[in-house]
Amino acid sequence: MFSFTREQEILEISNTKIGGQPGVYPTVLFGGLFFKGEPNCETAEKYLNNMLNLSKRTGNPAIPDFFIRREEYVEKITNFIERVLPKSQPFSIDVTDPQVKLRILECLYEKNLLSRTIYNSIHVGITDEEREALAKYTPKMAIILAFNPKDKSPDGKIEVLENGAHLTDIGLLDISKKLGIKKILIDTAALAPGDNTGAAIAAIPVIKEEYGLPTGCAIHNVVEKSKWLNDFESARKTVDASSNVNISLFGGDFAIFGPILNADIVFPTVAWQDILISEYTENYFGISPDVNHPRRKLF
Amino acid sequence: MNINIKTCVIGSYPVLTDTMELMYGYFNGEEISWDKYIQCAVSDMVNAGLDIVSDGQTRDPFIQIFTRKLTGCRIRARTEIVDKVEYNAPITIKDQKYVRNLIPNDKGLTGVITGPYTLSKSCIDLYYKDEKDLAFDFAHALKQEAKVLQKHVDMISIDEPFFSNEIPDYGKELIEIITKDIYCPTRLHACGNVSNVIPELLEIPVDIFSHEFKASPQIFDVFKEYVFPQKICLGSVRSDNTRVESVEEIMEHTKKGMEIFGEKIVQLAPDCGQRLLPRDVAFQKLKNLVKVGEKING
């Protein structure tokens with residue numbers, strides 16, 4: 001556990017704070033919805049309410065991460081956001097298809113939801129059309145996915161932020177700023193098992209020290225793809241949830257923890273880690289936790 | 001006159017990277033492969049009819065190809081030197097092996113090494129505080145690469161664009177470190193106007209000198225003042241200009257070169273790497289270059 005020499009930005013979206021020195025604000029937890037098949041809003045609502053309740057109990061902010069795979073799901077999912085999400089609740093949209101990205105941005109604008117939107121994500125695959133859409137319908141906050149196809153090390157991740165590794169005209173940070181996105185989170189791009197996976201965790205303190213921006217990742221993706229865990233089926237959920245503590249332990253600010261149905265185990269696990277960090281940072285660095293920190297809520 | 005001129009490239013070739021495809025690879029947890037971009041460049045070179053091809057240097061700009069893999073280098077907006085520069089593992093060999101399997105048996109393959117002086121001048125030194133020490137460590141590291149590379153290519157070309165500005169008094173020694181005991185032919189490519197450094201250039205122990213005679217024709221006049229044993233790779237189409245030179249224009253240029261250098265001209269090439277040209281333009285320039293080569297060789 002440590003403290004960064006560089007001043008750390010604390011970004012706020014709809015009353016949720018992300019970032020800062022370790023031990024001040026609790027880890028923000030992104031729980032994913034609608035990964036597979038037709039979006040099932042009824043089940044989603046149940047899981048969503050459960051996650052928001054866990055957030056209230058532990059103090060770890062929850063961000064529903066809406067995975068939108070097809071253009072025809074845009075209307076249904078944004079209606080769900082409008083209808084079900086509390087009006088002050090931020091959310092993220094997790095889209096890979098460039099065409100769907102264009103449609104969802106327009107729809108979020110039409111429904112006046114951009115001020116609560118975390119755009120997940122900007123990466124080297126950004127198209128000209130996406131840039132135009134983002135400039136026109138600018139979300140309040142965006143995640144930059146620091147995946148560098150040329151270099152998977154922490155340095156490679158910084159390179160893609162700095163100059164796009166010569167795959168984009170300018171670095172991803174400059175692209176985001178030029179588009180008018182003022183609040184930027186960095187996702188250190190967890191890779192497939194065995195493919196320099198540790199770099200996603202190791203990059204967290206490196207990037208925070210370099211830029212002072214809130215940083216995290218989806219380390220869950222590695223667990224999900226770890227085939228050897230099939231031989232330890234009963235441990236899979238525990239391993240999955242506990243993998244997220246690596247993020248806070250290395251000074252990170254948010255975890256994209258995978259399916260929302262894992263919230264029951266992820267929230268207390270990460271809250272426990274946050275408490276441990278807070279105890280240490282307060283004793284050693286004199287850093288007090290925020291009023292909503294799990295250490296305040298649960299002790 | 002015994003004429004046997006080979007058409008070739010300097011190194012880089014345009015690449016249009018499908019970044020979204022790379023991202024889908026990431027999202028699906030697949031291993032990222034650069035093979036299709038190498039194949040694309042090589043197939044253009046082969047289809048244009050070149051005698052000697054390269055891997056196209058599609059992975060990275062010519063500095064980062066090496067600094068990405070050498071110990072002591074850290075890539076930021078520019079490469080930073082943060083520790084002693086050392087050879088860690090083969091840098092370009094995997095791609096050269098791949099290219100060798102792609103090309104017909106009658107095609108030659110050139111390996112390209114970015115020169116130690118150019119690397120040292122292109123990096124931000126946070127460790128050595130002495131440009132010469134840095135350049136020598138680059139040279140020793142690149143020597144390791146050259147020793148492996150020679151087993152897989154027909155020629156090694158050392159790319160030293162910074163030599164066109166100045167050749168330091170240790171410039172010869174730097175290149176000598178790399179070329180000593182290398183059994184395949186070696187070429188030194190220095191683009192730009194090298195008129196002011198030709199005496200120093202001619203001291204450098206390589207087999208072939210490669211320069212941009214098309215964009216800087218004044219170097220013809222300076223070169224003809226000297227007698228030297230090395231051969232010439234004649235830069236014959238511009239790499240900084242999208243105008244495609246006609247066969248007639250390239251022929252005229254080549255004949256001028258032959259009048260001055262005679263049998264010393266062993267290669268016709270673009271002036272420099274073609275990375276910054278549109279792909280169709282680069283291809284057409286190579287095609288016209290090949291036509292001239294064929295006419296001259298009869």
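## A helix across a sheet

Helix 6 of chain B, residues 131-149, lies across strand 3, strand 4 and strand 6 of that chain. Its direction makes an angle of about 65° with strand 4 of chain B. This is a predicted model.

The three strands form an open sheet in chain B. Their order is 3-4-6, and the pairing is mixed. Strand 3 and strand 6 (124-125) of chain B stand at the edges. Each has a single partner strand, so one side of each is left without a neighbour in the sheet.

## How the strands of chain B pair

Take strand 3 and strand 4 of chain B. They pair in the antiparallel sense, over four bridges. Three residues sit between these two strands, and together the strands form a hairpin. Which residue of strand 4 stands opposite Thr71(B)? That residue is Glu86(B).

Now move to strand 4 (residues 79-86) and strand 6 of chain B. These two run parallel and are joined by two bridges. Glu80(B) has Ile124(B), in strand 6 of chain B, as its bridge partner.

## The barrel of chain A

Chain A holds a closed barrel of eight strands. The strands run 3-4-5-6-7-8-9-10, with parallel pairing. On average, neighbouring strands of this sheet are turned by 30° against each other, direction ignored.

One pair in chain A can be followed in detail. Strand 6 and strand 7 (residues 141-145) of chain A pair in the parallel sense, over four bridges. Tyr119(A) has Ala142(A), in strand 7 of chain A, as its bridge partner.

## Two backbone exceptions

Most residues other than glycine have a negative phi, and most peptide bonds are trans. Chain A has a spot to check for each. Asn15(A) is not a glycine, yet its phi is positive, near 75°. Where is Asn15(A) found? It is in the loop between strand 1 (10-13) and strand 2 (16-19) of chain A.

The other spot is a peptide bond. Asn120(A) and Ser121(A) are joined by a cis peptide bond, with omega about 20°. Ser121(A) has its place in strand 6 of chain A, residues 117-122.

## Where the chains meet

How many residues does each chain bring to the contact? Chain A brings 26 residues and chain B brings 21 residues. Between them the chains bury about 2100 Å², with 61% of it on carbon and sulfur atoms. Three residues supply 31% of the area that chain B buries against chain A: Tyr26(B), Arg68(B) and Arg76(B). That is more than any other three residues supply.

Charges also meet here. Five salt bridges are found across the interface of chain B and chain A. In a salt bridge between Glu159(A) and Arg68(B), the N to O distance is 2.8 Å. On the side of chain B that touches chain A, helix 1 (19-27) and strand 3 (71-75) of chain B are the elements that give two or more residues. Helix 1 of chain B gives the most, with seven residues. By type, this side of chain B has 11 nonpolar, five polar and five charged residues.

Terms used
Residues are numbered from 1 along each chain as its sequence is written. Chains are lettered from A and ligands numbered from 1 in the order in which they are written. This is a predicted model: local features need pLDDT of at least 70, side-chain atom pairs count only at pLDDT 80 or more; totals for chains, interfaces and linings use all residues. Side-chain values use heavy atoms; hydrogens and water are left out. Contact means heavy atoms within 4.5 Å. Buried area is the accessible area (1.4 Å probe) that two parts lose on being put together, summed over both. A salt bridge is a side-chain nitrogen of Lys or Arg within 4 Å of a carboxyl oxygen of Asp or Glu. Ala, Val, Leu, Ile, Met, Phe, Trp, Tyr, Cys and Pro count as nonpolar, Asp, Glu, Lys and Arg as charged, and the others, Gly among them, as polar. Two strands pair if DSSP finds at least two bridges between them. Axes are lines fitted to C-alpha atoms, for helices over the stretch in contact, and angles run from 0 to 180 degrees between N-to-C directions.
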